[in-house]
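Subject: Structure for your review

Dear colleague,

Please find below the structure that I am handing over to you. I would be grateful if you could read the notes that follow with the model open beside them.

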Amino acid sequence: MKWLVIIVLLQLLEKIKCEQSYEVTNERLEPFEGDSQTLVLFDGLKTIGRERALNGSFKFLGEMNNDDFKVSVELYSSPNGDGEFKRMVMDVPQTSICECFKKFYVQFVQPSLKTGETTNFPVVDDDFCPVPEGEFYVKNVILNTQDWPSQVPRGIVKAIITFFSGGKNVGGLIVEVKIEDRQS
Ligand SMILES: *[C@@H]1O[C@H](CO)[C@@H](O)[C@H](O)[C@H]1NC(C)=O
């Protein structure tokens, strides 16, 4: 009983510190072009320094409204980090672009950014739509995983993020991150 209380308290402390039991590092960023046209450009993004911070800029060539534009995310996991990838069950099928930003950008990316400081991309809130046209910078950004799920597979996780307009692939980005148990 005493132990149970201690374990629960430790878990609470972990939550208060907003720390996950894992660490995430950017491993690879690879932009890809669309089938006949490319409307989203991620080739200005790099990982820099020992901490592999995200730095550079990305471009949206036009405003992207919720009716024409969709995004899909395919997820693959390589538990041993050896390049053998298996499809994960948590894929995001083609979803209207604004919903996608409100659900996934807000949970996975936005906590790492500070609009006006580390990015000029606008804050995504409930009224966010359409996705604006423009060139947006990100300055030396380290991933903040406070809002990520507590259960994520260890090893390499690859996300293939594809943008669609009128059902056609208009470009995207492949992101690979390394997920390890936190050393502490
Ligand atoms: C970070 O990105 C900015 C803006 O694109 C660029 O000017 C700067 O040189 C980049 N820093 C490094 C270390 O690559």
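This is a predicted model: local features need pLDDT of at least 70, side-chain atom pairs count only at pLDDT 80 or more; totals for chains, interfaces and linings use all residues.

Disulfide and cysteines

The structure contains 1 disulfide, which links C98 to C129 with an S to S distance of 2.0 Å. The torsion about the S-S bond of these two residues is about 85 degrees, so the disulfide is right-handed. C98 belongs to helix α2 (residues 97–109), while C129 sits in the loop between α2 and β7; the pair therefore ties together parts that are 31 residues apart in sequence. The two partners may also be described by their accessibility. C98 has a relative accessible area of 0% and is buried, whereas C129, at 38% relative accessibility, is partly exposed. A further cysteine, C100, takes part in no disulfide, and the nearest cysteine sulfur, that of C98, lies 9.9 Å away from it. Because its relative accessibility is 5%, under the 20% limit for a buried residue, C100 counts as buried.

Ligand surroundings

Which residues are found around the ligand? They are I48, N55 and G56. For N55, an N or O atom of the side chain is 2.3 Å from an oxygen atom of the ligand. On its own the ligand has 360 Å² of accessible area, and the protein covers 33% of this.

Strands β2 and β3

Strand β2 (residues 40–48) and strand β3 (residues 53–60) run antiparallel and are joined by 7 bridges. Within this pairing, L41 has K59 in β3 as its bridge partner. The hairpin formed by β2 and β3 has 4 residues between the strands, and in it G49 adopts a positive phi near 75 degrees.

Residue D147

D147 is placed in the loop that runs between β7 (134–141) and β8 (155–165). Is this residue buried, partly exposed or exposed? With a relative accessible area of 38%, D147 falls between the 20% and 50% limits and is therefore partly exposed. Leaving aside residues up to four places away in sequence, D147 touches Q107 and P111. D147 and E63 are 84 residues apart along the chain, and their C-alpha atoms are separated by 28 Å.

With kind regards

Notes:
Residues are numbered from 1 along each chain as its sequence is written. Side-chain values use heavy atoms; hydrogens and water are left out. Helices (H or I, at least four residues) and strands (E, at least two) are DSSP runs, numbered from the N terminus. Buried means under 20% relative accessible area, exposed over 50%, partly exposed in between (1.4 Å probe, protein chains only). Contact means heavy atoms within 4.5 Å. A residue is near a molecule or strand if one of its heavy atoms lies within 4 Å of it. A polar contact is a pair of N or O atoms within 3.5 Å; within protein, one must be able to donate a hydrogen and the other to accept it, and residues adjacent in sequence count only if both atoms are side-chain atoms. Accessible areas come from the Shrake-Rupley method with a 1.4 Å probe; for residues, only the protein chains shown count as cover. A disulfide is a pair of cysteine sulfur atoms within 2.5 Å. Two strands pair if DSSP finds at least two bridges between them.
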